[in-house]
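Here is a structure to explore step by step. Please keep the sequence and the 3D view at hand while reading.

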Amino acid sequence: MIDSFLTPLFLDLLGINILFAVSWYIPASCGQYSFGHCGLIGVAAYLSGAMTTLMGLPFPLAMIAGMGISSLAGMLFSAIGLKSKDAYAAIMTLALAQIAVVAFKAIPATGGVMGFLVTPMVTPLMVWAGVLVCLIFTHRLENSRLGRTFEAIKMSNKVSATLGLNTTYFKVLAFGIGGAMAGLAGVFYAHSISWIEPHSFAVWLTVTAFTFVLVGGSETMWGGVAGAILLTFLLEFVRFASAWRPFFYGILIIIVLAFRPTGLITRGNVHSVGRFFSRINRFMLRRAE
Amino acid sequence: MINQIVNGLMLGSLYALITLGYALVLGILGIFNMAHAEIFMGGAVLGWLMITKWHLSLVFVVPAVMVGGVALGLITEFFCVRRSLRAGSFFVPAATTIGFGLILISLVQNIAGTNPLPISVPFQFTQVQFGSTSFPLVSIIVFFTSLIVLAVLGYYLRRTPLGLATRAVGENPEVSQLLGLNTTRIVQITFGISGLIGTLSGLVFGIMAGAAHPHLGEVAGLKGICLVVIGGMGSMTGAVIAAFIGGIAEVMTAVYWEAKYVDGVLWLIMFAILLFRPLGLMGKAEELERLQ
């Protein structure tokens, strides 16, 4: 039963979902919620796909370009929204997603509405290497000065501004980092699924990202990771009911936010795991002496 | 050219109807109701169900769809908004209403299928002659419906006690609660009215386009949120002006540029407006302050 799951494609998808969830989590850790991650992942997927398949450029170059364009798009749209209000940044990312889908449909070189066949060139090993790098990066980020700044802004915009933080700068930066990670997910998606069409980057894709984070827990990075793994496996089990997938997601979002707004894994859980490991560590050290 | 502007105004009046439903909840109360797009879609699908499937007369269909809209609005408020307002972030009600929207889309897709659902009414293609140009009768009805809804809403919000209470709750929920207003009930009533406008505009859209579709909300319904932002938060008149500008812009794009760009135009306009006028066309700074 398990063997039939662990195909290379499923492993790719699992890694991509984790990346996608973490990329949504980074702006959220700064109090910025993105409705346009479907646009960010789509832009990167299309650009990198066009670079490798149509222009024949090497994959690493396409990967960097994809991450760059998603990051820039995220920063541009959020910066314009943030001129008014935090909530406007969310609406601007929604605008990005809508404009991106129209553009994908209109560009004839990448197949328009019909879809675009990308040469597959990603192995599960590459995806998981990318996931590992991103997780280490995000973990370091969370425990750094920048991560604590993000948290302060999330807790109170006004207090952080009073303490002399340029909040807009940090919010845009959070969108930029999250955008680059979403771009990486998009590059992997295009070169692993190898078939991209405008419809697959509809608003619904964003909902999957924030469902992962909300279900897993929005306090630490590990929540998004756990949510992505849990829901990807769960949905693979109920693949026969794929038409009811949005229904299931909708119920899940409402129930989680109503009864456990922190999600499954809270900061306390993560800390107790950390304490457990440090206790083992101390015990081993004492034994060694 | 004149003809295109008139066509744009007709489309704009439809957008005005969609936008008013949004503006009531987002502009006045400051709550993001993302399910409004799907309530709009629900109105069109209810119209298909009653007109095409059950062959009911429009005299029954219009009130029934309005009642359905009130019910959908109340369900949204009860399951998605009531608890989540306490969280203090705009995102929590937005996420739960997106969840409710997904439930609605999924139900329609699984029960009615993903194909377009045809709606036909007797006067669908009737044209009315005005001098040298002729307009579709449906568009004229939509134009006047949206003006009537705007007038009624304007009167309701400025002159009736309940409307004034609604604005007070939008301004400051805590203080209005201290002054003895039942804020929960007022939010509930506002969602009911917004749902009514939502399904009515959906039905009208379905009749104008001749078909309902499960993905109607994603394309047409979400434009309402964009138009509220263009018009300025909290301003009903601004929302309607934005809707007319948007309608004309879309028709102009389809005629003088290319039809495939139509769905992106409004979002580009919003991009430009926020770049140069962050408050929207008729927004005031203090209206923006209320938003979390």
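This is a predicted model: local features need pLDDT of at least 70, side-chain atom pairs count only at pLDDT 80 or more; totals for chains, interfaces and linings use all residues.

Local features are described only where pLDDT is at least 70.

The largest nonpolar core holds 183 residues. Which of them touch the most other members? They are A:Ala21 and B:Leu20. Take A:Ala21 and leave aside residues up to four places away in sequence.

Now turn to where the chains meet. Here 33 residues of chain A are in contact with 39 residues of chain B. On the chain A side, four helices each supply at least two residues: α4 (59-82), α5 (86-106), α10 (204-216) and α12 (245-259). Which helix gives the most? That is α5(A), with 10 residues. By class, this side of chain A has 26 nonpolar, 4 polar and 3 charged residues.

Next, follow helix α11 of chain A, residues 221-237. Its 17 residues should span 24 Å at 1.5 Å a residue. The end C-alpha atoms are 25 Å apart, which agrees. The buried residues of α11(A) include A:Met221, A:Trp222, A:Leu231 and A:Thr232. What do the buried residues of α11(A) pack against? Their partners are α2 (8-28), α6 (124-142), α10 and α13 (267-288) of chain A.

Move to chain B and its helix α1, residues 2-29. This helix has 28 residues. From first C-alpha to last, α1(B) reaches 38 Å, close to the 40 Å expected at 1.5 Å a residue. Where does α1(B) bend? The bend is at B:Ala23, by about 40°. Is the helix enclosed or open? Of its 28 residues, 22 are buried, so α1(B) is largely enclosed by the rest of the structure. Just after the helix, B:Gly30 takes a positive phi of about 75°.

Strands β2 (residues 127-130) and β3 (residues 133-136) of chain B pair in the antiparallel sense over 4 bridges. B:Val128 stands opposite B:Phe135. B:Phe130 has B:Thr133 as its bridge partner. There are 2 residues between the strands. In this hairpin, B:Gly131 takes a positive phi near 65°.

Two other residues have a positive phi without being glycine. One is A:Ser194, with phi near 65°. A:Ser194 is found in the loop between α9 (167-193) and β2 (195-196) of chain A. Why is A:Ser194 called partly exposed? It has 17 other C-beta atoms within 10 Å, and a residue must have 20 or more to be buried, or 12 or fewer to be exposed. The other is B:His55, with phi near 55°. B:His55 sits in the loop between α2 (36-53) and α3 (58-81) of chain B. Is B:His55 buried or exposed? With 7 C-beta neighbours inside 10 Å, B:His55 counts as exposed.

Finish with two prolines of chain B. B:Pro93 lies in helix α4, residues 91-112. B:Pro93 is buried, with 27 other C-beta atoms within 10 Å. Leaving out residues up to four places away in sequence, B:Pro93 touches B:Ile31, B:Phe32, B:Cys80, B:Val81, B:Ser84 and B:Leu85. B:Arg82 is 11 residues from B:Pro93 along the chain, and their C-alpha atoms are separated by 8.7 Å.

B:Pro214 is placed in a loop, between β4 (211-212) and α9 (216-221) of chain B. B:Pro214 is buried, with 25 other C-beta atoms within 10 Å. Which residues does B:Pro214 touch, not counting residues up to four places away in sequence? They are B:Met41, B:Ile105, B:Val108, B:Gln109 and B:Thr114. B:Ile269 is 55 residues from B:Pro214 in sequence, and 26 Å away in space, C-alpha to C-alpha.

How values were computed
Residues are numbered from 1 along each chain as its sequence is written. Chains are lettered from A and ligands numbered from 1 in the order in which they are written. A nonpolar core is a set of buried Ala, Val, Leu, Ile, Met, Phe, Trp, Tyr and Cys residues joined through C-beta atoms within 7 Å. Two residues are in contact if their C-beta atoms, placed from the backbone, lie within 7 Å. Ala, Val, Leu, Ile, Met, Phe, Trp, Tyr, Cys and Pro count as nonpolar, Asp, Glu, Lys and Arg as charged, and the others, Gly among them, as polar. The expected span of a helix is 1.5 Å times one less than its number of residues. The bend at a residue is the angle between axes fitted to the seven residues ending there and the seven starting there. Two strands pair if DSSP finds at least two bridges between them.
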